[in-house]
Amino acid sequence: MEEEKSFSEKTLNVIEGIRGGVRAVAAIAAASVLIPTQILIAGPVFKDYETIPKFSAGVLRRIAGIKVDIEGADLLKERAKDGKPRMYAANHVSSMDIPILLEMLGAPFIAKSEIANWPVVGDAGKSVGTIFVEKGKKGQGIPNVHKALANTFNDNRSVVVFPEGTTSRGDNILPFKKGVLSVLFENASDVPVEKDVKVQPIAVRLTHVGGKSVAENPNLRDTFAWLPEVSFTQTFMHLFQQRSMKIEIRVLDEMNPKDYRNYNEFTNAAEHTMRRGFFADNDNACAGCPQPVATGACDKSQPALAR
């Protein structure tokens with residue numbers, strides 16, 4: 001019996017290895033065509049920073065076998081009709097968050113500076129105007145980040161940010177860090193934000209791996225999460241080896257910074273909104289939320305899901 005089990009496990013490992021290898025080759029082949037096209041033609045010639053990046057992100061997602069369900073997609077499109085730039089604030093779980101949200105939103109990201117040197121992903125990020133932040137500067141880099149954000153907003157382009165400042169295992173929302181959100185209240189750069197920028201919180205959750213429920217099998221989170229001890233290459237290969245994955249994205253209540261007295265009040269409310277949307281009325285929705293609750297954001301009688 002043990003020999004049969006060992007044989008089955010070995011067979012499964014071989015299948016996963018082949019699947020991961022084939023997907024990796026497919027991803028590299030697609031990137032070798034699409035990224036140069038964006039860098040050399042679409043961007044500099046046609047000033048188009050969305051069409052190819054969104055298409056490329058969708059190709060990568062499909063190669064990885066990831067299905068995405070978006071709750072509130074129609075409302076997101078309706079809000080975008082006003083033509084104003086937005087700051088999309090999402091929780092950060094995996095290296096695949098970026099292509100998934102890029103396909104959905106077509107907006108550049110705030111990312112760690114080392115990502116700029118990564119194969120494929122770094123070039124892709126540069127081609128869509130990603131703002132790379134140097135880590136470990138203890139706030140010294142904030143003026144530069146704010147300047148880049150202000151210029152992007154003033155060019156009428158939206159930006160995707162991860163307020164947690166790092167990745168999690170995907171089972172909770174980490175405390176929001178001061179930095180990118182503060183540009184709308186305490187701009188530390190010499191470039192003012194001239195546009196009326198609203199913040200759109202978005203909750204990202206892994207729900208199924210290989211047809212199995214993550215809620216019933218919590219360890220499956222490790223197949224999607226970008227864990228600190230795992231390298232970028234290992235993370236992607238682990239993703240590519242899975243038969244399939246299902247991601248749920250929730251578009252939450254849009255927030256206007258002008259409705260809040262200061263940055264701290266706004267950040268607390270944004271974190272509450274994210275937690276309620278992520279846990280979807282679970283009793284643990286407000287566990288770990290910043291206190292005090294200045295705006296009543298954790299009142300469960302007013303759900304954070306977009307309405």
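## A walk through the fold

The protein has eight helices and eight strands. Helices (H or I, at least four residues) and strands (E, at least two) are DSSP runs, numbered from the N terminus. This is a predicted model, in which local features need pLDDT of at least 70 and side-chain atom pairs count only at pLDDT 80 or more, while totals for chains, interfaces and linings use all residues. Residues are numbered from 1 along each chain as its sequence is written, and side-chain values use heavy atoms, with hydrogens and water left out.

Start with the whole chain. Of its 307 residues, 47% are buried. Buried means under 20% relative accessible area, exposed means over 50%, and partly exposed lies in between (1.4 Å probe, protein chains only). The protein exposes about 15400 Å², and carbon and sulfur atoms supply 53% of that area. Such areas come from the Shrake-Rupley method with a 1.4 Å probe; for residues, only the protein chains shown count as cover. Now look at contacts, meaning heavy atoms within 4.5 Å. Take those between residues at least 6 apart in sequence: 73% of them join residues at least 24 apart.

Next, find a pair of helices. Two packed helices are described by the angle between their axes and the distance between the axes. Helix 2 spans residues 51-63 and helix 4 spans residues 97-105; their axes come within 8 Å and cross at roughly 135°. That angle makes helix 2 oblique to helix 4. The axes are lines fitted to C-alpha atoms, for helices over the stretch in contact, and angles run from 0 to 180 degrees between N-to-C directions. Angles under 35 degrees count as roughly parallel, over 145 as roughly antiparallel, 65 to 115 as roughly perpendicular, and the rest as oblique.

Which residues meet here? Helix 2 brings Pro53, Lys54, Ala57, Gly58, Leu60, Arg61 and Arg62, and helix 4 brings Pro99, Ile100, Leu102, Glu103 and Met104. By class, this contact has seven nonpolar, one polar and four charged residues. Ala, Val, Leu, Ile, Met, Phe, Trp, Tyr, Cys and Pro count as nonpolar, Asp, Glu, Lys and Arg as charged, and the others, Gly among them, as polar.

Stay with helix 4. Seven of its nine residues are buried, so helix 4 is largely enclosed by the rest of the structure. The buried ones are Asp97, Pro99, Ile100, Leu101, Leu102, Met104 and Leu105. Just after helix 4, Gly106 takes a positive phi of about 65°.

Most residues other than glycine have a negative phi, and most peptide bonds are trans. Lys47 has a positive phi, near 55°. Lys47 sits in the loop between helix 1 (2-42) and helix 2, and is exposed because its relative accessibility is 58%. Asn156 also has a positive phi, near 65°. Its place is the loop between helix 6 (142-154) and strand 5 (159-161). At 38% relative accessibility, Asn156 is partly exposed.

Go back to the loop between helix 1 and helix 2, where Asp48 lies. Asp48 is partly exposed, at 26% relative accessibility. Leaving aside neighbours within four places in sequence, Asp48 contacts Gln38, Ala42 and Gly43. Asp48 and Val128 are 80 residues apart in sequence, yet their C-alpha atoms are 9.0 Å apart.

Finish at helix 8 (residues 263-279), which holds Thr267. Is Thr267 buried or exposed? Thr267 is buried, because its relative accessibility is 7%. Not counting residues up to four places away in sequence, Thr267 touches Phe176 and Leu181. Pro163 is 104 residues from Thr267 along the chain, and their C-alpha atoms are separated by 9.2 Å.
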